[in-house]
Amino acid sequence: MQEKQINLDDPKVTAILYAAFDAFRMYGYRRTSMEDIARGAGMSRAALYLHFKNKEEIFRSMVGGYYAQAVEAARAALAVPGGAAERLQAAFEAQTGEGYRQMLESPHGEELMDSKHAVAGAAAAQGEAALAAVYAEWLAREAAAGRITLAPFGGDAAATARTMLAALYGLKSGNPPYPEYCTGRDRLAALFGRALSASA
């Protein structure tokens, strides 16, 4: 199914998505209503329906918007000069910033993660593939320049990128406190950075 294309430059759309995120965090996906989202966005339900037909479409657009921002944030962090570990740490942090913290700290965080795949599976898969492509391009470019080595990972930039992201996603299993998640995230960046830099 083709995902709805959202215009993040439209202030009404961004107001709706931010209001939806707040409502989903406070009430959970199942209990959030279109009325809750409309009220949070400062508009009537009728006005909300001009932009989105239901909360499922809003949720899918919210997930798509998250990934669009995460892709650009990770790409920008990887472009900053530095060692592999430092750049990976910056990219992981950029990808999992304030919104991630709010979700992990929500009492409904686990439900929202389940809903991401149940309701917005195509948008999530598309976003995760786009993120993996950003990391794979960076890995291939750095390896070609001799700044890192992919030898410990079989020389496969795409597979290495997917492995890194799978490990990063695994850190949120069990909905840990955000500081604990950040510690694990930074440790993961250091581990991959060290492996990539070995005998480069």
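1. Phe21 lies in helix 1, which spans residues 11-27. The model is predicted, and what follows should be read as a description of that model. Phe21 has a relative accessible area of 17%. Residues under 20% count as buried, so Phe21 is buried.

2. Contacts of Phe21. Leaving out residues up to four places away in sequence, Phe21 touches Met62, Gly99, Gln102 and Met103. Phe192 is 171 residues from Phe21 in sequence, and the C-alpha atoms of the two are 32 Å apart in space.

3. Helix 6. This helix covers residues 98-105, and Tyr100, Gln102, Met103 and Leu104 in it are buried. Gln102 and Met103 are also among the residues that Phe21 touches. The cover over the buried residues of helix 6 includes helix 1, helix 4 (55-78), helix 7, helix 9 (157-170) and helix 10 (178-197).

4. The largest pocket. Its volume is about 670 Å³. Of the 27 residues that line the largest pocket, Phe21, Met62, Tyr66, Gln69 and Gly99 are the closest to its centre. Met62 and Gly99 are also touched by Phe21.

5. Make-up of the pocket lining. Helix 4 gives the largest share of the lining, 8 residues. At least two residues each come from helix 1, helix 4, helix 5 (84-95), helix 6 and helix 7. Sorted by class, the lining of the largest pocket holds 17 nonpolar, 8 polar and 2 charged residues.

6. Ser115. This residue is placed in helix 7. Ser115 is buried, at a relative accessible area of 7%. Apart from neighbours within four places in sequence, Ser115 is in contact with Tyr29, Phe59 and Ala120.

7. Helix 7 against helix 8. Helix 7 runs over residues 109-119 and helix 8 over residues 121-144; the two pack at an angle of about 95 degrees, and their axes are 5 Å apart. Angles of 65 to 115 degrees count as roughly perpendicular, and helix 7 and helix 8 are therefore roughly perpendicular to each other.

8. Residues between helix 7 and helix 8. On the helix 7 side, Lys116, His117 and Val119 take part; they meet Gly121, Ala124 and Glu128 of helix 8. The residues of this contact divide into 2 nonpolar, 2 polar and 2 charged.

Key: Residues are numbered from 1 along each chain as its sequence is written. This is a predicted model: local features need pLDDT of at least 70, side-chain atom pairs count only at pLDDT 80 or more; totals for chains, interfaces and linings use all residues. Side-chain values use heavy atoms; hydrogens and water are left out. Axes are lines fitted to C-alpha atoms, for helices over the stretch in contact, and angles run from 0 to 180 degrees between N-to-C directions. Helices (H or I, at least four residues) and strands (E, at least two) are DSSP runs, numbered from the N terminus. Angles under 35 degrees count as roughly parallel, over 145 as roughly antiparallel, 65 to 115 as roughly perpendicular and the rest as oblique. Contact means heavy atoms within 4.5 Å. Ala, Val, Leu, Ile, Met, Phe, Trp, Tyr, Cys and Pro count as nonpolar, Asp, Glu, Lys and Arg as charged, and the others, Gly among them, as polar. Buried means under 20% relative accessible area, exposed over 50%, partly exposed in between (1.4 Å probe, protein chains only). On a 1 Å grid over the protein atoms alone, a cavity is a set of points where a 1.4 Å probe fits but cannot get out, and a pocket is an open set with protein on both sides within 12 Å along at least five of seven lines; lining residues have an atom within 4 Å of a point. Grid points are joined across faces, edges and corners, and a volume is the space filled by probe spheres set on the points.
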